[in-house]
Amino acid sequence: MKIAILGFGTVGSGVYEIAKTLKNIEVKKVLEKDLSKINIATNNYDEIINDKEIELVVECMGGLHPAYEFIMKALQNKKSVVSANKAVIAKYLDEFLKTAKENNVEFRFEASVGGGIPCLAGIQKIHRIENIDKFYGIFNGTSNFILDNMYRLENKFFTSLKTAQKLGYAEADLSADIDGYDVTNKVIISFALAYDGFIKNEFPCFTMKNITKEDILYFKKQGFVAKYIGEATTKGNEYEASVMLNLFPINALEANVLSNYNIITVQSYTMGEVKFYGQGAGKLPTANSIIQDILDIQTKISFNPISIEKKYTYSSNLFKHKYVIRSNEKLKGNFERIDRDGNNFYHYTKEITQADLLKLVEEKDYLVVKLSEY
C-alpha cells in the first residue's frame with residue numbers, strides 16, 4: 001500500500017521510520033513546508049490528492065485547520081485517512097465518518113487516545129459483546145508527569161511544568177494539558193466508541209493548575225495521591241462526564257502510575273475492570289498505533305463498525321460523588337468535615353451531584369478535587 005504523510009514532525013517522522021521497516025507499506029509523499037527534510041517532500045497537497053497510487057493519507061499535523069480541510073479532501077477523493085489529531089477528531093468525527101462511508105473508504109484514529117496504548121481497540125472489542133458501564137483514567141501524560149513530580153520530589157507546580165517542557169512532554173498550547181482540553185477531547189472520542197454517540201464538551205472540566213505543593217503535601221498526609229482524570233458513564237439516554245483532579249488511596253493502581261504514563265480503565269459486566277497502561281504519547285508509541293490502523297485497513301480488519309447515531313443529553317444530576325474544595329477562607333455549607341492546614345481550608349462534601357458542586361464553587365478560583373470511588 002502506498003501512503004502519504006501530512007506533517008514530518010515528531011509523529012510523522014516516527015510513522016515514516018516504522019513504515020520503512022515494513023515491506024507492505026511505502027511512503028510515497030510527505031507534505032512538508034521544509035522540502036530539505038526528506039527527498040519525497042512536497043508543499044503542494046494537490047500532488048498527493050491527484051496521485052491515484054496513494055490509497056491512504058496519514059494526518060500528523062495537529063490543530064483544527066488546515067487538518068480538517070485536508071482530511072475531508074482526502075476522504076472525498078476516495079483515500080482512507082488515519083489520524084492521531086484528537087482536537088480535530090473530537091470536533092468533526094461525525095463528518096469524517098459520514099464522508100468516509102459515502103466514499104467507501106476508512107477513517108481510523110486509534111492513536112488519538114492513549115498514544116501507543118490500544119485502548120480504543122479494546123473499547124471496541126468489549127462493546128461488541130456487551131454494554132460498557134463506564135470508563136475513566138489518566139489520559140494525559142504531561143499532567144501526570146507534573147503531579148508525579150510534585151508528589152515524589154515535592155516540587156512546586158510551575159517547577160514541575162518547566163521540567164515537563166524541557167523534556168518535550170508538554171503540548172505547544174499549555175492550556176491543552178493543564179486546563180483539561182486534551183483530556184476532554186479524548187473523553188469525547190472514547191465515548192463515541194463506548195456508547196455509539198457523539199457528545200460535545202458541555203460537561204465540567206476543572207483546570208489542574210490551581211493545585212499547589214501545599215495541597216499535594218496535605219493530601220499525602222491524608223494518604224491520598226492526586227491524579228488528573230477524565231471519565232464518562234451513561235444512564236439511558238443521559239450521560240455524565242467530567243475532567244478533574246481525583247484523589248486515590250496510595251495503594252491504588254492509578255496512584256502508582258508514574259512520570260508521563262497513562263492508564264485507562266473500561267468497566268463492564270462480564271469483564272469487570274480492564275486497565276490499559278502504557279506510554280500515552282511519544283514519537284514511536286504513537287506512530288506504532290498509526291501503523292496498526294494502516295495495517296488493519298489494508299487487511300480489512302474491523303473490531304466493530306463505528307456508529308455514532310445514538311443521541312445523549314448531558315445531565316448534572318445523574319449520580320452523586322464526594323468532593324474536596326480548597327479555599328483560603330471557610331465556606332458556608334453542609335460539609336462532612338472541614339480541615340485547616342496552614343492558610344488553607346479543605347471542605348469535604350457529602351455525596352452531591354455535579355449540579356450541587358457547580359453551585360458550591362460557582363466561578364470562583366477554588367481547587368476542586370473528587371474523592372475517587374475506584
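Tutor: Arg326 and Asp215 form a salt bridge, with N and O 2.8 Å apart; the term requires a side-chain nitrogen of Lys or Arg within 4 Å of a carboxyl oxygen of Asp or Glu. The model is predicted, so local features need pLDDT of at least 70 and side-chain atom pairs count only at pLDDT 80 or more, while totals for chains, interfaces and linings use all residues. Residues are numbered from 1 along each chain as its sequence is written, and side-chain values use heavy atoms, with hydrogens and water left out.

The Arg326–Asp215 pair links distant parts of the chain: Arg326 is in strand 13 (residues 323–327) and Asp215 in helix 10 (residues 213–221), 111 residues apart. Helices (H or I, at least four residues) and strands (E, at least two) are DSSP runs, numbered from the N terminus. Arg326 is buried at 10% relative accessible area, and Asp215 is buried at 0%. Buried means under 20% relative accessible area, exposed over 50%, and partly exposed in between, with a 1.4 Å probe and protein chains only.

A search of the whole structure gives 23 salt bridges. Another one joins Asp182 to Lys86, with the closest N and O atoms 3.5 Å apart. Asp182 belongs to helix 9 (residues 181–195) and Lys86 to helix 4 (residues 86–102), so this pair ties together parts 96 residues apart in sequence. Asp182 is buried, with a relative accessible area of 2%.

Glu53 and Lys28 also form a salt bridge, their closest N and O atoms being 2.5 Å apart. Glu53 sits in the loop between helix 2 (45–49) and strand 4 (54–59), and Lys28 in strand 2 (residues 26–31), 25 residues away. Glu53 is partly exposed at 40% relative accessibility, and Lys28 is partly exposed at 23%. Both residues belong to a network of salt bridges that links Lys2, Lys28, Asp51 and Glu53.

Six strands make up an open sheet in the order 3-2-1-4-5-6, with parallel pairing; two strands pair if DSSP finds at least two bridges between them. Strand 3 (41–42) and strand 6 (107–108) are at the edges with a single partner strand each, so one side of each has no neighbour in the sheet. Strand 4 and strand 5 (residues 80–83) are paired in the parallel sense over four bridges, and Val57 stands opposite Val81 in strand 5. Helix 11 (residues 283–298) packs on the sheet and touches strand 1, strand 4, strand 5 and strand 6, where contact means heavy atoms within 4.5 Å. The direction of helix 11 makes about 160 degrees with that of strand 5; axes are lines fitted to C-alpha atoms, for helices over the stretch in contact, and angles run from 0 to 180 degrees between N-to-C directions. Helix 1 (residues 10–19) lies across strand 1 (2–6), strand 2 and strand 4, at about 155 degrees to strand 1.

As for the cysteines, the structure holds zero disulfides, a disulfide being a pair of cysteine sulfur atoms within 2.5 Å. For Cys60 the nearest cysteine sulfur, that of Cys119, is 17 Å away. For Cys205 the nearest cysteine sulfur, that of Cys119, is 18 Å away. Cys60 is buried at 18% relative accessible area, whereas Cys205 is partly exposed at 30%.
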